[in-house]
Structures are given as structure tokens and as C-alpha cells.
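Biologist: I would like a close look at one part of this protein, the aromatic residues. Please keep to what can be read from the coordinates.

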Amino acid sequence: MKILITTGIYPPEIGGPATYTKLLEENFRKIGIDVGVLPFRVVRFLPKVIRHFVFVIHVLLKSVNTNIIYAQDPVSVGLPSLIASKIMRKKFIIRVAGDYAWEQSRQRYKVTDSIDNFQDKNYGFRVEFMRSIQKFVVRRADKIITPSLYFSNLVSKWMSNRKIKIKIETVYNGIDFKELPRADSGYQYKPKTIISAGRLVPWKGFEMLIGSLVELQDWKLFIAGEGPEELNLKKTAENLEVKDRVIFLGKLEREHLAKFIKNCEIFALNTHFESFSFQVVESMYVGTPVISTLTGSIPEIIESMKSGILITPDDKLEFIKSVEKLSSDFGFREKITAEAEKRSRDFSIENTVGKTLNIIENILVNK
């Protein structure tokens, strides 16, 4: 069996899709699966639109002796991969871990609706064109893989009829725990330190975390990641007179970030949308308690007050109370970190590989 994985980003590029693809590739190889990886960067230097046509050619050449093409997003690599799969008569799987039309609309077209509200509204030609592309690709895939039950339900709304919905499978992202520091009972973290990580975009909610420092006067906030909101977030910290206690770390390699998380008292993710968070699971594994939100896939990972604390997005008062609870109640902290470490193991890369391989084998058997 040979699998071709097409992906928007791939190491040394940093991000969830890059991590996922690399782990999948390495672990497929360990069990004797022949895997090829084709990252979008091979054509990114070309003008828009042209790069996608050229990527089709790359996929065609790479898929000659391939049994199946597995694309990691429905637009940048998904559409070219679908076209190539039809030409080559190969089975095609699409992994959908985000809503490209919604993300671009938030960043480029001043759409402010949540991802859930976005699904049922019309926003004009440009947005609807992007939405039509991802729906076109998803509806024509042989199988759709999503990283959470929440996102499986969301993607099902893109399907044209109920029968096609059976093509959607949930496979949680897998973590390679061997590369991470272990949780240690009684570990001496740096007190009064909060760390958050992710792409610096509005729906990640970093602004509220910065604002909470006005009340959390002795605390420091570390933010790992890059993105279009970086300047705005720095201005917010300056305007609130907390810039000396907000440290922007930029992009960090996964191992470096995991060590940084372990050294902090709390990991916080004030997200308004999350298909799956590697950092939440990794924080749980290394022993840093998590405060996150009742949104997206997060409640599938964390049971509030048992393996972490879940709050309403942007509820600053609730966040501050949660921080103070974790900081002052050591018994509670020890209880949820122990439970979180156990729960994190459910998201192993071995589970992900096994479930993904089972899906691929079933597709190939049922040609």
C-alpha cells in the first residue's frame, strides 16, 4: 500500500497540520506503509491561482504508483488533490480541521460571526465562492476525516443529502508523548505564570487574557505564536499598562514549547473555536493545569473541574476566579492534573494511526 499525503504546511514549518502530517508519516512508516508527502510550499512562490494549477501537476506525478491520496485541507491542497485523484482514478480522503471560508472571512472581510452562526448566513460573492469550493471538495471525497465530534457535526451541514453524511469519520489528532517531558508530582513551576499558545487571530481570545492582568497584578502572561493580530495585541498590553508582564515568544518548536508550558503555573486557551488543540492535550500530559473554553472540541477533551477548568469564552471574571482557584487550592490542582494526565493518553498517535489505517483499508477493499 502507498499513501500520498498532501498538506498546506510541513516541517520545518510550524503548526498543527505540520505536526499531524509528520507524525502520521513517521508512524505509518514504522508499520511498513509506504508514504509520500507533498507540501504546498513547492508552489507557494508562484502567483495565486497559478500555484494551484501547478500543484495539480505535482500531485499527478507523485500519485502514479499511489493507492490513495489523503489531503489535509479542502482548499489549498484539497481542490488540486481532488482533481488529480479523478484524473488518476485514485481514492481520495479529505481531512477537514477548519472552515477556510470562515477563517478568511474573519481576517479579510470583517465578518464577526462565530463559526457556528456563520454556517447559516450568506455573506456575498467572495465568501460564498470560498464556501462553495470547500463544499465541492468535501462532497466528492470518498471519506472525510475530522478531528472531533463537534467538527464532524459542523461539516455534516456542508453535505447535500443525509446519505453522504455517513462518509464522515472522527479521528482525534494523535500526540507522540515520547517527545514530551513527563508530569512530576510536586514539580516546582514558576509561580504566577500563565502561558497561552496559538495563531494570533481574533477568535483565539488573547485580548481577554491580556486584560485579565489588570486584576491579576502579580502575574505574567507568555504568548507563543505569530499571526496578524500581534501588533494589536501589543498595543492592547501597552494601553492597559501591562506590557511589561506580557511576553510574546513568537513561534516555538514543539519540544521547546512543551518545556515552557511545563515551567508555567497555568496553560490558558480562551478560544472561540477549536477543531482540536494539540497544546491543550500536551499541557495535560506534562502536568500543567488547563483553563479553556466551553467551545468546539474542548469539552470532548476536558471534563470541567475534573481534568481542567472550562469557562465561557471571554468571561474575564470567570477566568480570574479559575486562576485564583488553581493557585490557592493545591489539593484541587493536584487532583485535576493527575486526572488530566490520564485523560491525555487517550489521544496517542498510535490510536490515530490505527483508526486512520482502518478507514483507508476499508476504502480500498470497497472499491
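Are phenylalanine 151 and phenylalanine 273 buried or exposed?

Modeller: This is a predicted model, in which local features need pLDDT of at least 70 and side-chain atom pairs count only at pLDDT 80 or more, while totals for chains, interfaces and linings use all residues. Residues are numbered from 1 along each chain as its sequence is written, and side-chain values use heavy atoms, with hydrogens and water left out.

Phenylalanine 151 is buried, and phenylalanine 273 is buried too. Buried means under 20% relative accessible area, exposed means over 50%, and partly exposed lies in between, with a 1.4 Å probe and protein chains only.

Now the rings. A pair of aromatic rings is described by the distance of the centres and the angle of the planes. Rings of Phe, Tyr and Trp (its six-membered ring) pair if their centres lie within 6.5 Å; planes under 30 degrees apart count as stacked, over 60 as edge-to-face and the rest as tilted. By this rule there are 14 aromatic pairs.

One of them is stacked: the ring centres of phenylalanine 125 and phenylalanine 129 are 6.0 Å apart, with the planes at 25 degrees. Both residues lie in helix α6 (residues 125-140), four residues apart, which is about one turn of the helix. Helices (H or I, at least four residues) and strands (E, at least two) are DSSP runs, numbered from the N terminus. Phenylalanine 125 is exposed, at 68% relative accessible area, and phenylalanine 129 is partly exposed, at 45%.

The pair you asked about is tilted, because the rings of phenylalanine 151 and phenylalanine 273 have their planes at 45 degrees, with the centres 5.7 Å apart. Phenylalanine 151 lies in helix α7 (residues 149-156) and phenylalanine 273 in the loop between β10 and α11 (278-286), so this pair ties together parts that are 122 residues apart in sequence. Both residues also belong to a cluster linked by ring pairs, made up of Trp102, Tyr150, Phe151, Trp203 and Phe273.

Aromatic rings also meet charges here. The charged end of arginine 131 sits over the ring of phenylalanine 118, 4.4 Å from the ring centre. Likewise, arginine 333 has its charged end over the ring of tyrosine 189, 4.0 Å from the centre. A charge sits over a ring if NZ of Lys or CZ of Arg is within 6 Å of the ring centre and within 35 degrees of the ring normal.
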